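I opened this model to see how the chain is laid out. My notes follow in the order I looked things up.

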Amino acid sequence: MDFRRVKEYFSWLYYQYQIISCCAVLEPWERSMFNTILLTIFAMVVYTAYVFIPIHIRLAWEFFSKICGYHSAISN
C-alpha cells in the first residue's frame with residue numbers, strides 16, 4: 001500500500017469530518033475547542049463502555065442462566 005494514497009485518504013476523511021460537522025466555517029480557536037469537547041465526550045463514552053459493559057454482560061448471563069436452569073460455578 002502506498003503511503004501517499006493513505007495520507008490522501010486520511011486527509012479526505014478529515015475534510016469530510018469538517019464538512020459534516022461544519023468545522024470548516026469556524027475560527028481556529030473555535031475549531032480546537034469543538035474538537036477538544038468532542039474528543040472528551042468520545043473518550044468518556046469509550047471508558048464507560050469499557051467499565052460497565054462487562055458488568056452488564058455478566059449480570060445478563062447470570063439472569064438468563066438461572067432462567068434456563070444452567071448453574072455455573074461462577075454464579076455460586
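I began with the record. UniProt, in an unreviewed entry, lists residues 35-57 as "transmembrane region". UniProt positions are given in the numbering used here, feature names are shortened, and annotations may be inferred rather than shown by experiment.

Before going on, I noted the ground rules. This is a predicted model, where local features need pLDDT of at least 70, side-chain atom pairs count only at pLDDT 80 or more, and totals for chains, interfaces and linings use all residues. Residues are numbered from 1 along each chain as its sequence is written, and side-chain values use heavy atoms, with hydrogens and water left out.

Next I checked the form of the listed stretch. Residues 35-57 are 100% helix and 0% strand. The C-alpha atoms at the ends of this stretch are 32 Å apart. Helices (H or I, at least four residues) and strands (E, at least two) are DSSP runs, numbered from the N terminus.

Then I took the whole chain. I found two helices and zero strands. The radius of gyration is 22 Å, well over the 11 Å that the globule rule gives for 76 residues, so the chain is more spread out than a compact globule. That radius is taken over C-alpha atoms, and the rule is 2.2 Å times the number of residues to the power 0.38. Along its principal axes, the C-alpha trace spans about 60 × 35 × 15 Å.

I looked up burial too. Buried residues make up 7% of the 76 in the chain. Buried means under 20% relative accessible area, exposed over 50%, and partly exposed in between (1.4 Å probe, protein chains only).

I picked Q18 in helix 1, which covers residues 3-21. Is Q18 buried or exposed? Q18 counts as buried because its relative accessibility is 14%. Leaving aside neighbours within four places in sequence, Q18 is in contact (heavy atoms within 4.5 Å) with C23, A24 and R31.

I moved on to helix 2, where I found P54. At 49% relative accessibility, P54 counts as partly exposed. From P54 to T36 I counted 18 residues in sequence and 28 Å in space, C-alpha to C-alpha.

A60 was my last stop, also placed in helix 2, which runs over residues 28-68. A60 is partly exposed, because its relative accessibility is 31%. Between A60 and V6, 54 residues apart along the chain, the C-alpha separation is 42 Å.
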